[in-house]
Amino acid sequence: MEALFSLVVGVLTASGTFLLLRGRTFPVIVGLALLSYAVNLFLFSMGGLNTDAAAVIGDSTAPSDPLPQALVLTAIVIGFAMTAFLVILAVRARSELGSDHVDGKTGEERGKG
Amino acid sequence: MNPHLLILPILLPLVSALGLLLTGQANLAWQRRVSLLATLALVGLSAWLLWLSDDGQIRFYALGDWPAPFGIVLMLDRLAALMLALTAVLALGCVLFASAGEDSQGSFFHGLFQLQLMGLNGAFLTGDLFNLFVFFEILLLASYALLMHGSDKPRVAAGLHYVVLNLVGSALFLVALGTLYGATGTLNMADMARRLVELPEDRQVLAGAGALLLIVVFSLKAAALPLYFWLPSTYAAAPAPVAALFAIMTKVGLYAILRIESLIFGAGPGAALIQGWLWWMGLATLALAVIGALGARDLRVLAAYLVLASAGVLLASAGLDTPQADAALLYYLVHSTLITGALFLLAELIGIQRGKAGTRLVRARRLRQGTLLGWLFLVAAVAAIGLPPLSGALAKLWLLQAVDATARPWFWSLLLLATLGVLIALSRAGSVLFWASHKGDTSGSRVQPLQLAGVLCLLAGAPLLALFAAPMAEFTLATADQLATPQRVLGALFGEPTALALQTEESP
């Protein structure tokens, strides 16, 4: 399970980073979303991975750590709000700057002046 | 003292922000009054907390009365109190300035402003790493919205970069927290310090990685060398009162670095690792910032590079981590925050009276109130450069003294060269703005009393810090002493001699 889990986190992080480095706002937002999925999964595993462990003392012999779950919940909520804000911002930038490039215009357009 | 008072610096802006946001934009005059009153109350409150903290006792407030390592605690020591007071004074200047008309360009200025204050105060007070993340997010969300206030094209482009970069920073912050929690099993700063000392060898590496990741995140906020490129365009594009408030945002990053460096990693091997990086990053940031200041073609961009230069000086001195350097650093921090804030406000006033040229450093119309603005600019420039008799000179002299002999060649030459560079940049800017003007009519509105009050509120810091340098230095020295002995925090919070305390007592 550990191998699969870390593989998933790794692939998500790699794809998120790749998309983040693109020049258009839409891939950047998708990249950020993927990155935050990876981070949430990572946070979820920070108390250690185990099966058959409820986060309630007494229900299982080795209860799971409840704190990461609370933290992930907080992180998800914050990440969600931020993504929503970023989407609105990107739409606004598209309409005000007339381009969906993150700098407002592409490198070639800037070269022309 | 009533223990609940400790949470007031967070609750007061929160309540006033909610009130201001709910009542909407209906009555601007009323909103201004509420915002001003709330900020004034915050100044009084933080001054009182500053006075309280000066007895050297460290105060805690357990939220929901959950005991320390399990619940979230707020912690008030000298450093936190100093930062709270600085934020409140800076905020007062910004609110005064904004109330003269800047706040009517978009909606909800005052509500968002108070939310930002809440985030700042929370970040300074909290003693829990995840709670620090939450307060960072609050202050960032408010800052995104404030940055877009009355938006125009450069603001949207700069805002997009700022938001994306900070979201990536938040993701890294969470990864760092996850790593540290995985290694130590706690998020309480003091508890983490206690457990890091007892950590088995194989987990030390993990904790070290977490520590360095945290430093990366805080360097992004503090604008250290490879991570500062967002700062000049963002600060130059922000509305003046917001840019002035943002002068404290880089200091939040620095505060967080100081806090984790001294409290969490102070006794372990992590500290040496962090300090090496901070020292070189700080020096390189300073060098590049001065080159940027020399090349700036706009007064706002110039002021943004001055923020960056001060961040560089602060980071480098944080890398030294001697009590002397820490004390000098804190004095410089207060000075530089107030002065760069005042410069942003002044730039706006100058820009208004120069017609189309705005703050660009080109020949333009004569200023309507050239004498008044000229004198204000002179005071700000003298303080920012670090010429006597104002606080800048004292701060820089103290910093130069505080560096020990081995680090001197680098620090002295760079800091003195940087001072020369800033002197050239500011005197060139001043002579273009005030002397190289066309003959003929003047235009633009006169400086309003509220705007002047805002600028004076911040600018007064320079002579006052110089006049009361002795009590101020005493306070920062005591703060540095408190930072150097993290075992006092552990003693005060857990009430028992811990392994960390014993270890540091054995090997002074």
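Me: Is Arg24(A) buried or exposed, or something in between?
Reply: Arg24(A) counts as partly exposed, at 36% relative accessibility. Buried means under 20% relative accessible area, exposed means over 50%, and partly exposed covers what lies in between, with a 1.4 Å probe and protein chains only.

Me: What kind of model is this, and how is it numbered?
Reply: This is a predicted model, in which local features need pLDDT of at least 70 and side-chain atom pairs count only at pLDDT 80 or more, while totals for chains, interfaces and linings use all residues. Residues are numbered from 1 along each chain as its sequence is written, chains are lettered from A and ligands numbered from 1 in the order in which they are written, and side-chain values use heavy atoms, with hydrogens and water left out.

Me: Back to Arg24(A). Which side chain does it meet in a salt bridge?
Reply: Arg24(A) forms a salt bridge with Asp100(A), at 2.6 Å from N to O. Arg24(A) sits in the loop between helix H1 (2–20) and helix H2 (25–44) of chain A, and Asp100(A) in the loop between H3 and H4 of chain A, so the pair ties together parts that are 76 residues apart in sequence. Asp100(A) is partly exposed as well, with a relative accessible area of 29%. A salt bridge here is a side-chain nitrogen of Lys or Arg within 4 Å of a carboxyl oxygen of Asp or Glu. Helices (H or I, at least four residues) and strands (E, at least two) are DSSP runs, numbered from the N terminus.

Me: What about His101(A): where is it placed?
Reply: His101(A) is in the loop between helix H3 (67–97) and helix H4 (107–112) of chain A. His101(A) is buried, at 13% relative accessible area. A polar atom of the His101(A) side chain lies 3.1 Å from the backbone nitrogen of Asp103(A). For a polar contact, two N or O atoms must be within 3.5 Å; within protein, one must be able to donate a hydrogen and the other to accept it, and residues adjacent in sequence count only if both atoms are side-chain atoms.

Me: Which residues take part in chain B?
Reply: Arg59(B) and Asp55(B) meet in a salt bridge at 3.0 Å, N to O. Arg59(B) is buried, at 13% relative accessibility, whereas Asp55(B) is partly exposed at 47%. Asp191(B), Arg194(B) and Arg195(B) are linked in a network of salt bridges.

Me: Changing topic: which residues touch the most other members of the largest nonpolar core?
Reply: Leu129(B) and Phe218(B) do, in a core of 206 residues. Helix H14 (residues 323–352) of chain B gives the most to this core, with 19 residues. A nonpolar core is a set of buried Ala, Val, Leu, Ile, Met, Phe, Trp, Tyr and Cys residues joined through side-chain atoms within 4.5 Å.

Me: What does Phe218(B) touch?
Reply: Leaving aside residues up to four places away in sequence, the contacts of Phe218(B) include Leu132(B), Phe136(B), Phe173(B) and Ile260(B). Contact means heavy atoms within 4.5 Å.

Me: Which residues form a nonpolar patch on the surface?
Reply: Leu294(B), Leu417(B), Leu420(B) and Ile424(B) form one, with about 340 Å² of accessible area together. Helix H17 (residues 408–434) of chain B gives the most to the patch, with 3 residues. Ile424(B) is in helix H17 and is partly exposed at 42%. Patches are made of residues with over 30% relative accessible area and no salt bridge, with like charges joined within 9 Å and nonpolar side chains (Val, Leu, Ile, Met, Phe, Trp, Tyr) within 5 Å. Accessible areas come from the Shrake-Rupley method with a 1.4 Å probe; for residues, only the protein chains shown count as cover.

Me: Last topic, the backbone: which peptide bond is cis?
Reply: The bond from Pro388(B) to Pro389(B) is cis, with omega near 10°. Pro389(B) is in the loop between helix H15 (370–385) and helix H16 (391–402) of chain B. Ala223(B), although not a glycine, has a positive phi of about 65°, and Ala223(B) is buried at 0% relative accessible area.
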